[in-house]
Amino acid sequence: MTTSPQNLAAQHAAFNTTARQKIQQTEFMLSAPTFKLCPADSGREIAFAGRSNAGKSSAINALTNQRQLARSSKTPGRTQMINFFSVGDPSARLVDLPGYGYAAVPLEMKKEWQVELEEYLVSRESLAGLVLLTDIRHPLKFFDEQMLHWAKDGELPVHLLLTKSDKLKYGAAKNTLLQTRQALKKLKLNCSIQLFSALKKEGIDELAGVMGRWYGKEWLNGTLDDEPLN
């Protein structure tokens, strides 16, 4: 017996809701100044990255339903630490990577950071996926594309958030979504993509569902062990 489209949609929605509820159990773990001081490369983790004005902290706070979990700075690019959070399970982590693009740091430090970031995306065994955030009004800038290419080199799945979608009217936002999807196709970069508004709390369940599939059923059922993701 085949499952009807209505039942499939209901199952999908229920999974997203369950994943969102578990993600709301997210707690701060530690901050690391370099990737060498990251937690042990085991379990599964999902990294959040984006330009310093992409609204990454607001997105994480909206996703986890916690106002101050990820602290945003009034000065874009000021935060240089790599922040780790446990997501309902010590073996499942959310990694908040420092914003790029506006960081007021010396050029040599930026180059060193980019080398480390590429190494992390390509070789981190426990990294199950990358959530890349880009402002819907200025999507896919140069370093966004660089991140996508690094993720592709590491065979890492990527989910792209077009943040601050509330800044555009519905039709314009949908049009930008379509144009960005077409641009990714031309670049031969395969990733999922969605609209997201932290202010309006829109797109949270869809994002949670993507993360839930990356963390896996073991995480959702509370049986995720401390082994790397194969």
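Modeller: Helix 1 (residues 5-23) has 19 residues and reaches 27 Å from its first C-alpha to its last. This is a predicted model, where local features need pLDDT of at least 70, side-chain atom pairs count only at pLDDT 80 or more, and totals for chains, interfaces and linings use all residues. Residues are numbered from 1 along each chain as its sequence is written, and side-chain values use heavy atoms, without hydrogens and water.

Colleague: What span is expected for helix 1 at 1.5 Å a residue?

Modeller: The rule is 1.5 Å times one less than the number of residues. For helix 1 that gives 27 Å, and the span is close to it. A helix here is a DSSP run of H or I, at least four residues, numbered from the N terminus.

Colleague: Why is Asp-144 called buried?

Modeller: Buried means under 20% relative accessible area (1.4 Å probe, protein chains only). Asp-144 has 0%, so the word applies. Asp-144 sits in helix 4 (residues 142-153).

Colleague: What makes the pair of Asp-144 and Arg-51 side chains a polar contact?

Modeller: The cut-off is a pair of N or O atoms within 3.5 Å, one able to donate a hydrogen and the other to accept it; residues adjacent in sequence count only if both atoms are side-chain atoms. The two side chains are at 2.4 Å.

Colleague: Which residues touch the most other members of the largest nonpolar core?

Modeller: Leu-97, Leu-117, Leu-121, Leu-130 and Met-147, out of 35 residues. Such a core is a set of buried Ala, Val, Leu, Ile, Met, Phe, Trp, Tyr and Cys residues joined through side-chain atoms within 4.5 Å. Helix 4 gives the largest share, 5 residues.

Notes
Helix = DSSP H or I, 4+ residues; strand = E, 2+ residues; numbered from the N terminus. Buried < 20%, exposed > 50% of the residue type's maximum accessible area, 1.4 Å probe, protein only.
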